[in-house]
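Please read them beside the coordinates.

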Amino acid sequence: MDHLLVTGGAGFIGANFVRRVLATRPGTRITVLDALTYAGNRASLGDVAHRIRFVVGDVVDRELVDRLVGEADAVVHFAAESHVDNSLHDPGTFLRTNVEGTFSVLEAVRRHDRRLHHVSTDEVFGSLPGEGGQRFTELSRFDPSSPYSATKAASDLLVGAWVRSYGVRATISHCANNYGPYQNVEKFLPRQITNVLRGRRPRLYGAGANVREWTHVDDHNDAVLLILAGGVVGETYLVGSGAEWSNRDLLALTLRILGRPADDFDTVPDRPGHDLRYACDSRKIRRELGWRPRHPDLHAGLAATVDWYRRNEWWWGPQKAATERRYAAAGR
């Protein structure tokens, strides 16, 4: 696939995907489509800007999307509103981008018969029990808890319907929580890291008992590339490192890496509908496509991530004040 269209390519996972493709497949042409809302940051691609084509535009703009899809060989669809807290305050934006935007992409790939990979989340499956070792599988039913996960579930169902009804050549992946460089400071790990770097105390929702599986963003994007190249059309793949940590334990590890006491944080009221646990059974992608995480050691990967934020305040600094004002207004 010589020419990829990457929607949401200036966001956290999308920008890292672009960088990963350029590093591992240097002959690939890349067009990035991004609306550059607060979650998209053109600076994330600044040092590779000369190697890509960057189009500022909205994924719901059907005429623009149709033209760009027609020029590409395949589409990797990252574009989405993705912060649960924001979805609770402004669900309409999530409906527009996540559902209408995916419809726009689907109609374009149907018209031009292009390969599509749709990037989703494990949050569409709802919450797992805290005990018992259960994991989501490709057959788990959707049970979303927030407007964010509900709109992502709706977009996944649209993709499945377009595969069956129109023969669209699409695959879907659901990944566990990602971490790594270029993640907006509104997210859990970057917020805590940058709070400490700015001399502020980190904030933990409730008791911090919520458990997440943490996967390095490069490992996620390696999985996307494998699925794009060898995944079976119509199939879904779950991606996860197996590294499950409670928010409290992860924050304690982060503080230790930063040289602070493990209990040096404040607690704030929990958010509504906060799922207890996510974990993915990734045996299918490991067995069928040979995927393995290159960053299985969360401690090492997190230490490298902390170091990246320490060295790149030029990137995250402009976001920080506005992010903390939004959290303060919500009491978090």
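1. Two strands count as paired if DSSP finds at least two bridges between them; helices (H or I, at least four residues) and strands (E, at least two) are DSSP runs, numbered from the N terminus. The model is predicted, so local features need pLDDT of at least 70 and side-chain atom pairs pLDDT 80 or more, while totals for chains, interfaces and linings use all residues. Residues are numbered from 1 along each chain as its sequence is written, and side-chain values use heavy atoms, without hydrogens and water.

2. Three strands form an open sheet in the order E7-E9-E11, and the pairing is mixed. E7 (177-179) and E11 (244-246) are the edge strands; each has a single partner strand, so one side of each lacks a neighbour in the sheet. Neighbouring strands are turned by 50° against each other on average, direction ignored.

3. E7 and E9 (residues 211-216) run parallel and are joined by three bridges. Asn178 lies opposite Thr215 of E9. Helix H8 (residues 247-257) packs on the sheet, where it touches E9 and E11 (contact: heavy atoms within 4.5 Å). The direction of H8 makes about 90° with that of E11; angles run from 0 to 180 degrees between N-to-C directions, and axes are lines fitted to C-alpha atoms, for helices over the stretch in contact.

4. Helices H6 (residues 188-197) and H11 (residues 313-329) cross at roughly 105°, with axes that come within 11 Å. Arg191, Thr194, Asn195 and Leu197 of H6 make the contact with Trp316, Lys320, Glu324 and Tyr327 of H11.
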